[in-house]
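Let's walk through this model together, one question at a time. Have the sequence and structure open beside you.

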Amino acid sequence: MKDKLQKLLDIEEIKKLKYKYFRGIDTANLILLEKLFTDDAELDYRGGEYRWEVSGKKNILKQIENAFNSDAVACHQGHHPEIDILNENEAIGLWYLGDIFIDQKRKIITRGSAIYQDTYKKIDKLWYIEKSEYDRIWEEYEPLGSNTNITFSYLSEH
C-alpha cells in the first residue's frame with residue numbers, strides 16, 4: 001500500500017513539474033525554469049518546419065531566453081498526462097500539447113498540437129526533467145493580420 005501511495009504522490013509531483021514548465025516558458029521565468037531541469041537535460045522538439053534540439057540546462061535556458069522575449073506571445077497547455085513511475089528515481093511521461101506562439105517581429109502565428117515524451121529523474125527527493133521531446137500532430141503558420149490587435153503581452157511588460 002505504501003508503494004502505491006508513493007507512486008501516486010510522485011505522479012502528482014511530476015504533473016506539477018510539467019505545469020511549472022509550461023508556465024515558465026510562457027512567462028520566460030528563467031529562475032523557475034532553472035529549478036526544473038537536470039544539469040544534463042536534453043530537449044528535442046520536432047515541428048513541421050523546425051527542429052529545436054539543445055542539451056544541457058544552461059543551453060536550454062539560453063535558448064528559451066532567446067525565443068521567449070518581448071516580441072513573443074505564447075500559450076502552451078499540457079493535457080492528458082500518462083505518467084509511469086519506473087522505480088523510486090526514474091519516470092516517463094506522455095503529454096498532449098496544444099499551443100499558440102505569436103512572433104510579433106516576424107508577424108507569424110503558429111498553432112498546433114504535439115505529443116511530448118519525457119523522462120524524469122528524482123534527485124534528493126525532488127523530480128526534474130531529464131529529457132523532453134515532442135513530435136507534432138499538426139501545425140499551422142499564419143501571417144499575423146494587420147487588423148490583429150494584441151492588447152497586452154506579459155513578455156513585453158516583463
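Q: What radius of gyration does the protein have, and what would a compact globule have?
A: This is a predicted model, in which local features need pLDDT of at least 70, side-chain atom pairs count only at pLDDT 80 or more, and totals for chains, interfaces and linings use all residues. Residues are numbered from 1 along each chain as its sequence is written, and side-chain values use heavy atoms, without hydrogens and water. The radius is taken over C-alpha atoms, and the globule rule is 2.2 Å times the number of residues to the power 0.38. For 158 residues a compact globule would be near 15 Å, which agrees with the protein's 17 Å.

Q: In what order do the elements of the protein run?
A: Helices (H or I, at least four residues) and strands (E, at least two) are DSSP runs, numbered from the N terminus. There are four helices and six strands. From the N terminus on, the order is α-α-β-β-α-β-β-β-β-α.

Q: Is Ile 137 buried, partly exposed or exposed?
A: Ile 137 belongs to strand 6, residues 126–143. Buried means under 20% relative accessible area, exposed over 50%, and partly exposed in between (1.4 Å probe, protein chains only). Because its relative accessible area is 49%, Ile 137 is partly exposed.

Q: What share of the residues of the protein count as buried?
A: The same cut-off of under 20% relative accessible area applies here. Of the 158 residues, the buried share is 39%.
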